[in-house]
Amino acid sequence: MPQRGIEEQGLDRETIDNLSAAQRMPGLSPADLKLTNFDRLWIDRVADHGDRPYLTFIDDDAGIERRYNYAEFNAKINRAANILQNNLGVRRGDRVGTMMVADDDTVALYFACWKIGAAVAPVNVSEDDNRIAFTFENAEVKVVAVLASYLPRLQSLRNRIPTLNHILVMGGGAAGDHLHDYNFLAKNASDIFVPAEKAEPEDEALLIYTSGTTGNPKGVVMGQRNLMVDPDAIARWHGVDGGTTMMCVLPIHHVNGIVVTLLTPFWAGGSTVLNRRFTSRGFWEKVAREKVQIVSVVPTLLQFLYEAQADLSQLDLSGFRHFICGAGTLAVSVAKNFEERFGFRVIHGYGLSETTCYDCFLPVDLSDAEHAHWMRDHGYPSIGCPVHANEMAIHDEQGRALEPGERGEIVVRGPLVMKYYHKRPDANRETFKHGWFRSGDEGFHLIDEKGRRFFFITGRIKELIIRGGVNLSPFEIEEILNEMPGVKTGLAVAFLNDYYSEEVGAYVVVEEGATLSEDDIIRYCMERLPWPKVPKVIKFGTEVPVTSTGKYQRLKLKSLFDGYSSVQFKKPK
């Protein structure tokens, strides 16, 4: 088929020009990006250090452990690529869906698609059937690789995916009527692969569908370029090289797990420990045994590890460096408590699927005092400074850059920016209308004595609480809630109100054994916040709605506050 491109997106000339501008960074030449393709990269890795460990897959529940060096895993990828290309007819420009879990077969399939020049459209198997069907239909997948246990679900959706020609069944014996047994085909597949057509850096590589709370998700299309530039930037920032082992505890249907802990070590010639799923039980023992140096997490996992209260005194963690943390709201108190208990730094960062993964990080070479200052002294932990090959700014609604300390929208430009939203000319037009990627996040930046710009995020613009025409950050209110003794998690939520348009509510999960009332929490907040920012209604629960990548879903909590719109909340005397 013809190679896919921007021509099929139905964009006007102004939007195409704005997209192009957002994908460039002034002063950065293409030669600086070290672009190639994944087939060439694997040939080079095997030639340079084929016997060096690349992937260790561990499934604690099933008692499975599989280890591969670069040469062995390249052979596994090549068998998968031959199955896709020679048995199922996948070609450069095609799209392959995956309905899989975090394991070595999934990783091999991803790389196999990229060697061919095809794109991967992974789904989260915990999503509902309508979301899965929409993703595969919108992405126009030609093949879906599915774990055998999920095959009945996929078959029930097949009529809703008109482009689907073949189903590749992983770990099962299904065959017939467009069903293909991966294990059977792999026995006869060659471990030498020759692509039918050479892949190029601008070829589509990954389609990630955003976790919207309303309406259909948007398909974020990344090219091979994105999946090389960001791993290179992450490796440079964190000192990842051929001697570095990183550990993946996050889902690999999303960019954090894929880019940070699969692609970054691969790019640098290092190794990855891939977990089937995260568990705090045995986490530190595994880090010590596998000699892991860096783990990428989301804030909720830091809290789980903190609450587990593991004893590290008998473990050799002398080689461990730090945690990378992003993809959710990190409270100052959570980071402070974690760092003080375990003695390891949390390197806070920020990014989005639309910008591949990470755009910025807190510098790793700060002194202890500097690190504590940027993590704790401004009401929010800093998300750090822009990485190589990336530019960030704070803009107002007209696309004008704001001064340090002024709040506006976080914007990004450079080769980390995605190719486009798939089949969403409206979203592309709005998101890129000033020649930058507009994140939808509110933030500000400050400049240190070295001239470095440290950025902060204060909330999603759509989640800001607009009380009486004044924007209130949910993050600021949550910092106070989460510092209160007895509060496990506290989220600030906007709800409709006749008097102020919106008012402040709070959803609170109480620590086990603690007893807190609504009045207790309101009084605590009144002592630390001005009245407009104090939550007026407290709702208690036992679970916090999060996406599969650990982001809080505040908008899903708004309905809990129905019925308070006509109430005028007056400050107690």
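Strands here are DSSP runs of E, at least two residues in length, and they are numbered from the N terminus. With that in hand, let's walk through this predicted model: a four-stranded sheet, a buried arginine and some cavities.

**The sheet**
- Four strands make an open sheet, in the order 17-18-20-21, and their pairing is antiparallel.
- Strand 17 (391–395) and strand 21 (453–460) sit at the edges with a single partner strand each, so one side of each has no neighbour in the sheet.
- On average, neighbouring strands in this sheet are turned by 50° against each other, ignoring direction.
- Five bridges link strand 17 to strand 18 (residues 408–413) in the antiparallel sense, and Ala393 stands opposite Val411 of strand 18.

**Arg225**
- You'll find Arg225 in the loop between strand 9 (219–223) and helix 8 (226–238).
- Arg225 has 5% relative accessibility, so it counts as buried, the cut-off being under 20%.
- Leaving out neighbours within four places in sequence, Arg225 is in contact with several residues, including Gln23, Leu35, Pro201, Glu202 and Pro415.

**The cavities**
- There are five cavities of 30 Å³ or more in the structure.
- The largest cavity has a volume of about 110 Å³, and Val255, Asn256, Ala327, Gly351 and Cys357 are the closest to its centre among its 13 lining residues.
- That largest cavity's lining has six nonpolar residues, six polar ones and one charged.
- Next comes the second largest cavity, at about 50 Å³, where strand 24 (residues 487–497) gives the largest share of the lining, three residues.
- The lining of this second largest cavity holds five nonpolar and four charged residues, but no polar ones.

Methods: Residues numbered from 1 in each chain as written. Predicted model: local features only at pLDDT ≥ 70, side-chain atom pairs only at ≥ 80, totals over all residues. Heavy atoms only, no water. Pairing = 2+ DSSP bridges. Axes fitted to C-alpha atoms, helices over the stretch in contact; angles between N-to-C directions. Buried < 20%, exposed > 50% of the residue type's maximum accessible area, 1.4 Å probe, protein only. Contact = heavy atoms within 4.5 Å. 1 Å grid on protein atoms, 1.4 Å probe; cavity = no way out; pocket = protein on both sides within 12 Å on 5 of 7 lines; lining within 4 Å. Points joined across faces, edges and corners; volume = space filled by probe spheres on them. Nonpolar A, V, L, I, M, F, W, Y, C, P; charged D, E, K, R; others polar.
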